[in-house]
Amino acid sequence: MSLVTVENLTVGYGGKAVVRHVDLRVDPGEIVTIVGPNGSGKTSLLRAVIGALKPTEGRIRSKPGLRVGYVPQRLHIDPTLPITVERFLRLPGGATRDACRNALEQAGAPDLLQSQMSGLSGGQFQRVLLARALMNQPELLLLDEATQGLDQPGSAAFYRRIEAVRAETGCAVLMISHELHVVMSASDRVICLNGHVCCEGTPAVVASAPEYRALFGTGTGGALALYRHDHDHDHDHGRATEAAE
Ligand SMILES: Nc1ncnc2c1ncn2[C@@H]1O[C@H](COP(=O)(O)OP(=O)(O)OP(=O)(O)O)[C@@H](O)[C@H]1O
């Protein structure tokens with residue numbers, strides 16, 4: 001059974017539709033990436049999936065009792081507020097210190113427990129947000145451009161961690177990214193959105209689709225070659241994938 005099924009979804013603001021007639025499915029354990037230009041409705045689609053935006057048409061069905069973890073695009077914390085990572089992670093539901101440690105380890109940031117939130121680098125901050133999303137052992141992890149502001153090696157390392165989390169926990173991932181060339185190797189399926197679904201399929205199929213190239217140009221040719229090179233072999237998802245981090 002799919003974790004989430006979106007059927008003929010239309011959502012918008014003040015009577016103006018920004019996403020029209022979208023079908024989408026996320027199955028257990030798969031990584032699905034949504035790409036699309038600015039303003040194409042990616043965040044609105046994700047907000048509808050988490051129930052924060054009501055459909056004007058169509059419907060969204062979730063597996064009963066589905067545990068979801070959400071990593072937002074950005075989160076503002078008052079820099080003058082003294083709050084440690086542990087306190088931040090324990091805030092919502094009074095989690096134990098061990099649970100915080102485990103989540104930080106899964107997020108690839110095992111040493112940050114006592115760090116001040118205001119002293120974290122951009123990459124560390126995103127790892128902490130990932131840890132927070134992992135606290136309730138989600139079956140579905142939702143990421144909204146979770147690497148915004150990170151440099152390319154930082155983004156690539158983050159997405160390698162996401163792949164490792166999937167391998168370790170078996171969770172499915174639905175994520176938004178501008179950087180198809182960075183997330184390609186971490187994605188099973190890609191959906192290209194521009195108000196509606198322009199094209200979808202494996203990363204290689206989408207990167208070479210005329211609809212995708214019309215939106216993003218042909219500059220992904222090199223990335224596609226890289227992807228093909230990297231994927232000229234079988235994956236062992238059970239193996240640690242972060243040796244290069
Ligand atoms: N709260 C809101 N009220 C009114 N319009 C909104 C609201 N949020 C988004 N929109 C509009 O909906 C459209 C889609 O926005 P959305 O944020 O979903 O796109 P996006 O693909 O995630 O963009 P980006 O890549 O820039 O983050 C945009 O035209 C935006 O201005």
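1. V6 stands opposite L24 in strand β2. Strand β1 (residues 4–13) runs antiparallel to β2, and seven bridges join the two; strands count as paired if DSSP finds at least two bridges between them. Helices (H or I, at least four residues) and strands (E, at least two) are DSSP runs, numbered from the N terminus.

2. This is a predicted model, in which local features need pLDDT of at least 70 and side-chain atom pairs count only at pLDDT 80 or more, while totals for chains, interfaces and linings use all residues. Residues are numbered from 1 along each chain as its sequence is written.

3. An open sheet is formed by three strands in the order β2-β1-β4, with antiparallel pairing. β2 (16–26) and β4 (57–62) stand at the edges with a single partner strand each, so one side of each is left without a neighbour in the sheet. On average, neighbouring strands of this sheet are turned by 30 degrees against each other, direction ignored. Helix α1 packs on the sheet, touching β1, β2 and β4, and its direction makes about 120 degrees with that of β1. Here axes are lines fitted to C-alpha atoms, for helices over the stretch in contact, and angles run from 0 to 180 degrees between N-to-C directions; two residues are in contact if their C-beta atoms, placed from the backbone, lie within 7 Å.

4. Helix α1 is mostly covered, with six of its eight residues buried. A residue is buried if 20 or more other C-beta atoms lie within 10 Å of its own, exposed if 12 or fewer, and partly exposed in between, with C-beta atoms placed from the backbone. The buried residues of α1 are K42, S44, L45, L46, A48 and V49. Just after α1, G51 takes a positive phi of about 85 degrees.

5. Strand β7 (residues 172–176) has five of its five residues buried. A172, L174 and I176 point one way from β7, and V173 and M175 point the other way. Strand β3 (residues 31–35) runs parallel to β7 and is joined to it by four bridges; V32 has L174 as its bridge partner. Strand β6 (residues 140–144) also pairs with β7 in the parallel sense, over five bridges, and D144 stands opposite I176. From β6 the chain crosses through helix α5 (residues 152–169) to β7 in a right-handed β-α-β crossover, meaning that, with the strands pointing away from the viewer, the path from the first strand over the helix to the second runs clockwise.

6. Two residues deserve a check of their backbone angles. Most residues other than glycine have a negative phi. H21, in strand β2, has a positive phi of about 50 degrees; this residue counts as partly exposed because it has 14 C-beta neighbours inside 10 Å. E145, in the loop between β6 and α5, has a positive phi near 45 degrees, and its 20 C-beta neighbours inside 10 Å make it buried.
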